[in-house]
Amino acid sequence: MTRRTTALSATVALAAALALTGCSSDGSSDSSKSGKPELTVSGAFMPQPVMDMAGGFLTITNSGDTADKLTSVTSGISDDVTLHETKNQKMQQVKAFDIPANGDLRLERGGNHIMFMELKGKPKQGEKVSVELHFEKSDPIKVDLPVEAPNHNPKQH
């Protein structure tokens with residue numbers, strides 16, 4: 001099964017995740033943790049791009065007892081996909097995002113997010129954009145980001 005992940009964010013883009021949840025890892029009922037991160041992805045979406053760039057949003061939950069880092073994102077829709085944080089209403093690129101043990105990394109409108117620059121095409125609402133999340137310790141996770149309305153914001157629902 002696919003896990004859902006990130007996508008579209010221009011300043012115009014809002015996030016309203018269809019709350020697409022990732023698959024839980026095999027043996028999720030196993031109480032003996034292996035000492036490594038156990039990651040799932042939920043709430044992934046990309047607002048429909050209004051320019052040649054887009055943002056991606058999602059939540060990565062780590063139910064394991066070891067922290068991890070999101071180090072990069074790749075996608076066929078762009079050769080220039082970067083991680084950004086927003087501080088003092090300014091976006092700046094970062095090398096990685098921490099995913100705490102037994103915690104969440106939230107990529108959301110107005111905060112940390114994925115940026116897709118120089119899009120090779122403009123996905124329309126109702127389509128999906130495939131991405132692959134890369135981590136410091138965990139195996140990559142493939143996620144399909146549903147394309148939502150440009151002003152989609154899950155916090156308003």
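Me: Which backbone nitrogen does the side chain of Asn 62 reach, and at what distance?

Reply: The side chain of Asn 62 reaches the backbone nitrogen of Gly 64, and the distance is 2.8 Å. Please keep in mind that this is a predicted model.

Me: Which backbone oxygen lies 2.8 Å from a polar atom of that Asn 62 side chain?

Reply: That is the backbone oxygen of Thr 66, which lies 2.8 Å from a polar atom of the Asn 62 side chain.

Me: Where is Asn 62 found, and is Asn 62 buried or exposed?

Reply: Asn 62 is found in strand S2, which covers residues 54–62. Asn 62 counts as buried because its relative accessibility is 1%, and the cut-off for buried is under 20% relative accessible area.

Me: What does Asn 62 touch, not counting residues up to four places away in sequence?

Reply: With those residues left out, Asn 62 touches Pro 37, Glu 38 and Leu 39, then Ala 67 and Asp 68, and also Ile 99, Pro 100, Ala 101, Asn 102 and Gly 103.

Me: Let's zoom out. How many helices and strands are there in the protein?

Reply: The protein has 0 helices and 10 strands, and from the N terminus on its elements run β-β-β-β-β-β-β-β-β-β.

Me: And what share of the residues is buried?

Reply: Of the 157 residues in the protein, 47% are buried. The protein exposes about 8,200 Å², and carbon and sulfur atoms supply 46% of that area.

Me: What about contacts between residues at least 6 apart in sequence: what percentage join residues at least 24 apart?

Reply: Among those contacts in the protein, 74% join residues at least 24 apart in sequence.

Me: How many aromatic pairs does the structure hold, and which residues are involved?

Reply: The structure holds 1 aromatic pair. Phe 45 and Phe 57 form the pair, which is stacked, with 5.1 Å centre to centre and 25° between the planes. Phe 45 lies in strand S1 and Phe 57 in strand S2, so the pair ties together parts that are 12 residues apart in sequence.

Me: Switching to backbone geometry, what is phi of Asn 88, and of Gln 89?

Reply: Phi of Asn 88 is near 50°, a positive value in a residue other than glycine, and Gln 89 has a positive phi of about 60° although it is not a glycine. Most residues other than glycine have a negative phi.

Me: Where are they found, and are they buried or exposed?

Reply: Asn 88 is found in the loop between strand S4 (80–87) and strand S5 (90–94), and Gln 89 has its place in the loop between S4 and S5. Asn 88 counts as exposed at 77% relative accessibility, and Gln 89 is exposed, with a relative accessible area of 81%; the cut-off for exposed is over 50%.

Definitions and conventions. Residues are numbered from 1 along each chain as its sequence is written. This is a predicted model: local features need pLDDT of at least 70, side-chain atom pairs count only at pLDDT 80 or more; totals for chains, interfaces and linings use all residues. Side-chain values use heavy atoms; hydrogens and water are left out. Helices (H or I, at least four residues) and strands (E, at least two) are DSSP runs, numbered from the N terminus. Buried means under 20% relative accessible area, exposed over 50%, partly exposed in between (1.4 Å probe, protein chains only). A polar contact is a pair of N or O atoms within 3.5 Å; within protein, one must be able to donate a hydrogen and the other to accept it, and residues adjacent in sequence count only if both atoms are side-chain atoms. Contact means heavy atoms within 4.5 Å. Accessible areas come from the Shrake-Rupley method with a 1.4 Å probe; for residues, only the protein chains shown count as cover. Rings of Phe, Tyr and Trp (its six-membered ring) pair if their centres lie within 6.5 Å; planes under 30 degrees apart count as stacked, over 60 as edge-to-face and the rest as tilted.
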